[in-house]
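Please take a moment to look at the model before I start talking about it.

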Amino acid sequence: QWSVGGRWDTYAGDNLVDFANQRDLGRWSMNAQKRFVWFELSNFSYYGLADLKNTTTIEGATRVFMNKYEGCGDCHVDRRVQYAKDAFDRYR
């Protein structure tokens, strides 16, 4: 999810490597990755947690996440929405 630099290992107070190291987690582990996503959503309002909580559709949540949290380039919205719907159907 995170590229080298920035939120991966550079930004002070908001990077996955420091987050994982402080909690004795492997930076590549799914547990560290999930906990870091929650840390960012909970501590930095501009990543869109309030908007995620207010959306009522999978498409809406997908769009909020990619626009506010990820900041993706070429987002392939239709594909992302379909992947989100498939995951929801598998894990609900």
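What you see is a predicted model, in which local features need pLDDT of at least 70 and side-chain atom pairs count only at pLDDT 80 or more, while totals for chains, interfaces and linings use all residues. Residues are numbered from 1 along each chain as its sequence is written, and side-chain values use heavy atoms, with hydrogens and water left out.

Let me begin with the core. A nonpolar core here is a set of buried Ala, Val, Leu, Ile, Met, Phe, Trp, Tyr and Cys residues joined through side-chain atoms within 4.5 Å, where buried means under 20% relative accessible area, exposed means over 50%, and partly exposed lies in between, using a 1.4 Å probe and protein chains only. The largest such core has eleven residues, among them Trp2, Leu16, Phe19, Phe36 and Tyr69. Helix H2 (16–22) and helix H3 (30–43) are the elements that give two or more residues to this core, and H2 gives the most, with three. Helices (H or I, at least four residues) and strands (E, at least two) are DSSP runs, numbered from the N terminus.

Now to helix H5, residues 58–70, whose buried residues are Gly60, Thr62, Val64, Met66 and Tyr69. These buried residues pack against H1, H3, H4 and H6, with contact meaning heavy atoms within 4.5 Å.

How are the rings of Phe65 and Tyr69 arranged? Rings of Phe, Tyr and Trp (its six-membered ring) pair if their centres lie within 6.5 Å, and planes under 30 degrees apart count as stacked, over 60 as edge-to-face and the rest as tilted. The centres of Phe65 and Tyr69 are 4.8 Å apart and their planes are at 25°, so this pair is stacked. Phe65 and Tyr69 are four residues apart in helix H5, and therefore separated by about one helical turn. Phe65 counts as partly exposed because its relative accessibility is 26%, whereas Tyr69, at 1%, counts as buried.

Last comes the disulfide, defined as a pair of cysteine sulfur atoms within 2.5 Å. A search of the whole structure finds one, formed by Cys72 and Cys75 with their sulfur atoms 1.8 Å apart. Cys72 is partly exposed, at 21% relative accessibility, while Cys75 is buried, at 13%.
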